Amino acid sequence: MPADPSPGFAGETSARSAGHHQRSAASHPPRVSATSAVEVRRSSRRSRTVSAYREGDRTIVLIPARMSEAEEQRWVSVMLDKLAAQESKRILGDSELVERAERLSDLYFDGRARPVSVRWVTNQNTRWGSCTPAEGSIRLSHRLQGMPEYVVDYVLLHELAHLLVPGHGPRFWRLLEAYPRTERARGYLEGVVAADRLPHLPAARSE
């Protein structure tokens, strides 16, 4: 491939910027997003903090009951990014990559894509990942290490899709539509590539 998971807890973040629209927890039952598997739980006991954690395949975001809808959306995005940043600090080993690939295949491809091997490599500086269908092998660039897990998952799914469909035709992209964070992950990777192409300014001299 050319250049959304393990349990985690994002801790608590102050939400002092929350609005003053009073809402009761009873009038706002937990909200679940089918596409991103995020459940928002409002609590009248919370006044200034927001927290998030993983619960299986779902992310739970806890917010004060008084938050407005716009503030809710903003804080959900903030907490998802915080969780992703925390999780990305842990680098998966090759055996864990195989297990993760198999789990992703079960979730999005009905288990039809089964790689023989998945491993990190350091010789792919112009590609995020590659696949050799005849061997069932997938290789991921070491440059992905430290990126959010949903980005790594997207690259894994991209290469898993090549075990089922060669090339990048319509059928290939239809497979990836099953992953809800495809566009977000592609945007992240495009941003990394764009940043790498920016001219490097000389460091400012200290007086």
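Biologist: In this predicted model, which residue of E5 does Tyr53 stand opposite?

Modeller: Strands (E, at least two residues) are DSSP runs, numbered from the N terminus. E4 and strand E5, residues 58–64, pair in the antiparallel sense over five bridges; pairing needs at least two DSSP bridges. The residue opposite Tyr53 is Ile60.

Biologist: How many of the seven residues of strand E4 are buried?

Modeller: Buried means under 20% relative accessible area, exposed over 50%, partly exposed in between, with a 1.4 Å probe and protein chains only. Strand E4, residues 49–55, is largely enclosed by the rest of the structure, because the number of its residues that are buried is five.

Biologist: What values apply to the model, and how is it numbered?

Modeller: Residues count from 1 along each chain as its sequence is written, and side-chain values use heavy atoms, without hydrogens and water. Local features need pLDDT of at least 70, side-chain atom pairs count only at pLDDT 80 or more, and totals for chains, interfaces and linings use all residues.

Biologist: Leu175 is in which helix, and what is its relative accessible area?

Modeller: Leu175 contacts Phe109, Arg112, Ala161, Leu164 and Val165, leaving aside neighbours within four places in sequence; contact means heavy atoms within 4.5 Å. Its helix is H4. Leu175 is buried, because its relative accessible area is 15%.

How values were computed:
Helix = DSSP H or I, 4+ residues; strand = E, 2+ residues; numbered from the N terminus.
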